[in-house]
Number of protein chains: 2
Amino acid sequence: MSAGALPPRVRIVEVGPRDGLQNECVALGIDDRLTLIDRLADAGLRDIEAGAFVSPKRVPNMAGSGELMQRLPRRAGVSYPCLVPNDTGLDAALAAGCTDIALFAAVSETFSQRNTACSIAESMDRLSAVARRALDAGVRVRGYLSCVIGCPYEGAVESRKVADMAARLIDMGCYEVSLGDTTGIGTPAQIAALIDTVAAQVAVTRLAGHFHDTWGMGAANVWAALQRGVTVFDASVGGLGGCPFAPGASGNVATEDLVYMLDGAGIETGIDLRALVDTARWISARLDRAPASRVARAFPPTPER
Amino acid sequence: MSAGALPPRVRIVEVGPRDGLQNECVALGIDDRLTLIDRLADAGLRDIEAGAFVSPKRVPNMAGSGELMQRLPRRAGVSYPCLVPNDTGLDAALAAGCTDIALFAAVSETFSQRNTACSIAESMDRLSAVARRALDAGVRVRGYLSCVIGCPYEGAVESRKVADMAARLIDMGCYEVSLGDTTGIGTPAQIAALIDTVAAQVAVTRLAGHFHDTWGMGAANVWAALQRGVTVFDASVGGLGGCPFAPGASGNVATEDLVYMLDGAGIETGIDLRALVDTARWISARLDRAPASRVARAFPPTPER
């Protein structure tokens, strides 16, 4: 396909404050998390996943998401979705003033059992009920599918199953379904084939790509999905999400790597790369680690003001 | 373009023992370099850049390339090209029994002056004479162009200039021209556009892609070039070539990342990924550093035999 067929604009959903921080080995306090969200909005991000209403015992890094959402100064034109696994989570999200939530399901039966302690069928029924309540309350609902290429327990995942579940999430009222390559094992050819299969059942404009960089394929996979018509991508500033002490662990594709690639194609994102890189360096320092992204390491230093 | 239009086979030119080691901050002895080349051949590499006949004062890591080539046990079907900058280098290469050499020129005038102390025009005349002598001696000649996307001194580089110089290298008898994004700043859209421009003057089957991962675009750029018809790529095992103490420095795209991506597309390379990853880990340990590639970090450990 020719470069002319690329879209003029891509929407990036920043997941660093949630999917990223959740999987770091250092837990940050609410003040730091609020500052991170604020800096990301300053850099031009307009969709910033802010927290998760999950058990603080199971996911300690997301503790206090209610307080965070209550304290977060909302900006016009910026959405702050939060992850919600069930009715209890939705109650807490609504109480904290959330107007955007994200639901998630795994495409693999074993992963679903281990991660959410129920079968895929049970999980979808539960999500459907949560979605209905959220929509009735005027809340926008986004859907996530995890393990869309492979599952750590079951191996390869059938794309047809991904397509069926994506269609169900749309049917239950999700405005968009984010396809998550949770283990980062997907390669561009596989991502392109997956998008084609899913797009046969769900309009490609309702799909987002959510790729992890564990096997170094993050940017290439975004490029492949972009060529198949996907125009929404999840990414985390600084490549947050890979605890540096866990060998091979790696976070989402870094927002700054993605913006750099899209800038190079003349594709508009509305994001200021320098401000984003500064934020990647700041949050990485707060986590006492080097930024996981090449762009944050290669970008020239910002002069002191 | 559909995945069906991808080539069935890609040839990978391993440049770790030369372009990689040359730019590491630890210099290895000839024994280690010979072992590296041997392990790469064991892993299935059939083009292994083995050394450089350059001034050991300017490029100390390549010292002893003559001895290395004399001691290297040649395998049938494997080529071991060496970098040769001038007549003196060619003399030494011929004396050491080289049957494959590589010549290089920069597309940017300033880079040419600083790197080879002559203008582009002078450089091309000199290379032309070296190529003629080499061909007369029955030696195969490969061409490199550096700074094909951008130059650290001059900024953006015109693709038409790259095309003209690539055509000249082919005219002087190079069987192939490797297009080097020396600073790694290129993005997939730029690489695709470059290939199209150069392929208007040189058959795409005579082009190779040589991408550095400094800005995290290595794999994505290979993918983009592959879609434009390029089927030969340079890569370095372990992502060798980025001294870890130089901020932002980064080597070639890692051979194992590339093989992983191509395996995922069902594209044959003839390379055993596990053996390659083991080699990446071994050479990184010899350099007292972690492998720069994600695949070498994510790949499951090889059980002790």
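This note sets out numbered points on a predicted model, moving from helix packing to the nonpolar core and then to individual residues.

1. Helices α7 and α8 of chain A. Helix α7 of chain A covers residues 159-171, and helix α8 of chain A covers residues 188-199. Their axes come within 8 Å and cross at roughly 45°. The crossing of α7(A) past α8(A) is right-handed. On the α7(A) side, the contact is formed by Ser159(A), Arg160(A), Val162(A), Ala163(A) and Ala166(A), and on the α8(A) side by Leu194(A), Thr197(A) and Val198(A). By class, the residues of this contact are five nonpolar, two polar and one charged.

2. Helices α8 and α9 of chain A. Helix α8(A) also packs against helix α9 of chain A, residues 218-227, with axes that come within 8 Å and cross at roughly 35°. This crossing, too, is right-handed. Pro188(A), Ile191(A) and Ile195(A) of α8(A) meet Ala220(A), Asn221(A), Ala224(A) and Ala225(A) of α9(A). The residues involved comprise six nonpolar and one polar, with no charged residue.

3. The corresponding pair in chain B. In chain B, helix α8 (residues 188-199) and helix α9 (residues 218-227) have axes that come within 8 Å and cross at roughly 35°. The passage of α8(B) across α9(B) is right-handed. From α8(B), the contact draws on Pro188(B), Ile191(B) and Ile195(B); from α9(B), it draws on Ala220(B), Asn221(B), Ala224(B) and Ala225(B). Six of these residues are nonpolar and one is polar, and none is charged.

4. The nonpolar core. The largest nonpolar core holds 217 residues. The members that touch the most other members are Met69(A), Leu145(A) and Leu179(A), together with Met69(B), Leu145(B) and Leu179(B). For Met69(A), contacts beyond four places in sequence are made with Ala50(A), Phe53(A), Arg74(A), Tyr80(A), Cys82(A), Ala96(A) and Cys98(A).

5. Thr255(A). This residue belongs to helix α10 of chain A, which spans residues 255-264. Thr255(A) counts as buried because its relative accessibility is 0%, and the cut-off for that class is under 20%. Setting aside neighbours within four places in sequence, Thr255(A) is in contact with Ile12(A), Glu14(A), Ala235(A), Ser236(A), Val237(A) and Leu276(A).

6. Ile30(A). Helix α2 of chain A, residues 30-42, contains Ile30(A). With a relative accessible area of 15%, Ile30(A) is buried, since the limit is under 20%. The C-alpha atoms of Ile30(A) and Asn61(A) are 9.9 Å apart, although the two residues are 31 residues apart in sequence. When residues up to four places away in sequence are not counted, Ile30(A) touches Gly64(A), Glu67(A), Leu68(A) and Arg71(A).

7. Ala117(A) is not a glycine, yet its phi is positive, near 55°. Ala117(A) sits in the loop between α5 (109-116) and α6 (120-136) of chain A, and at 64% relative accessibility it counts as exposed. Cys147(A), also a residue other than glycine, has a positive phi of about 60°. Cys147(A) lies in the loop between β6 (140-146) and β7 (150-151) of chain A. Is Cys147(A) buried or exposed? Its relative accessible area is 0%, so Cys147(A) is buried.

8. Gly173(B). The loop between α7 (159-171) and β9 (176-181) of chain B includes Gly173(B). A relative accessible area of 27% makes Gly173(B) partly exposed. Which residues does Gly173(B) touch, not counting those up to four places away in sequence? They are Leu135(B) and Val141(B). Leu135(B) is 38 residues from Gly173(B) along the chain, and their C-alpha atoms are separated by 7.5 Å.

Technical notes:
Residues are numbered from 1 along each chain as its sequence is written. Chains are lettered from A and ligands numbered from 1 in the order in which they are written. This is a predicted model: local features need pLDDT of at least 70, side-chain atom pairs count only at pLDDT 80 or more; totals for chains, interfaces and linings use all residues. Side-chain values use heavy atoms; hydrogens and water are left out. Helices (H or I, at least four residues) and strands (E, at least two) are DSSP runs, numbered from the N terminus. Buried means under 20% relative accessible area, exposed over 50%, partly exposed in between (1.4 Å probe, protein chains only). Contact means heavy atoms within 4.5 Å. Axes are lines fitted to C-alpha atoms, for helices over the stretch in contact, and angles run from 0 to 180 degrees between N-to-C directions. A crossing is left-handed if the near helix is turned anticlockwise from the far one by less than a right angle, and right-handed if clockwise. Ala, Val, Leu, Ile, Met, Phe, Trp, Tyr, Cys and Pro count as nonpolar, Asp, Glu, Lys and Arg as charged, and the others, Gly among them, as polar. A nonpolar core is a set of buried Ala, Val, Leu, Ile, Met, Phe, Trp, Tyr and Cys residues joined through side-chain atoms within 4.5 Å.
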